[in-house]
Amino acid sequence: MRKLVVLSFISLDGVMQAPGGPGEDPTGGFKHEGWVVGYIDDYLLKVMVKQMSKPFELLLGRKTYEIFAAHWPYVNSSEDPFAARINNAKKYVASKTITKLDWNNSELIQGDVWKEIKKLKEQEGPEIQVHGSGNLIQTLLKHDLVDELRLKIFPVTLGIGKRLFADGTIPAGFKLVESEISPSGVIIASYGRAGEVKTGSFGLETPSEAELARRKRLKEEG
């Protein structure tokens, strides 16, 4: 089974909405579009290039697909390290409203979305990357389809906005795969899925029945 990876820019308070610039997604009156731009440096760009250096396919929600399709086909691939990779990648689009896909190598996911995505994961092929697509991510989290989270955590709080971990989030364990910090203070952390949530207690353990019996016997003998 191939890996499904979510790559996301998030604020300290978990917001992922419209990181790239004005007009990207003002839904809900969001007024901070483009909030990552001031933190992007060569170090962070090199990390992003590395994370997209191996073959991959894209899984996108409607809004992110439309944003990407209006931008990436018009970017000069000789001047941008991401353009050729993104334009040439197979693109799966999860949407019930799109009827026509003009961007090359794009395919609409129809039917029960999470079941179709599960089938995609079971096929042979490169890893599946999810960029943006906040609503779609909630479906993926709800059905435990995310194998890895590659997060860029920016030193800013936004207060309102669409969050990475929202209504679809289920209890789940993850392990830190790798981490580093950019000169501008962005925490770059990758987490792999790791079973269920582990719980415990810092309180004193309740003695077993055998231990209670032993203590009673000692008290009686003493």
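**Overall architecture of the predicted model**

The structure is a predicted model, in which local features need pLDDT of at least 70 and side-chain atom pairs count only at pLDDT 80 or more, whereas totals for chains, interfaces and linings use all residues. Residues are numbered from 1 along each chain as its sequence is written, and side-chain values use heavy atoms, with hydrogens and water left out.

The secondary structure consists of six helices and eight strands, these being DSSP runs of H or I with at least four residues and of E with at least two, respectively. Read from the N terminus, the elements follow the order β-α-β-α-α-β-β-α-β-α-β-β-β-α. A domain feature in an unreviewed UniProt entry, "Bacterial bifunctional deaminase-reductase C-terminal", is placed at residues 3-187; annotations of this kind may be inferred rather than shown by experiment. Over residues 3-187 the chain is 23% helix and 23% strand, with its end C-alpha atoms 23 Å apart.

The radius of gyration of the protein is 23 Å, while a compact globule of 222 residues would have a value near 17 Å, according to a rule of 2.2 Å times the number of residues to the power 0.38, with the radius taken over C-alpha atoms. Along the principal axes, the C-alpha atoms fill a box of roughly 90 × 40 × 35 Å. Among contacts (heavy atoms within 4.5 Å) between residues at least 6 apart in sequence, 69% join residues at least 24 apart.
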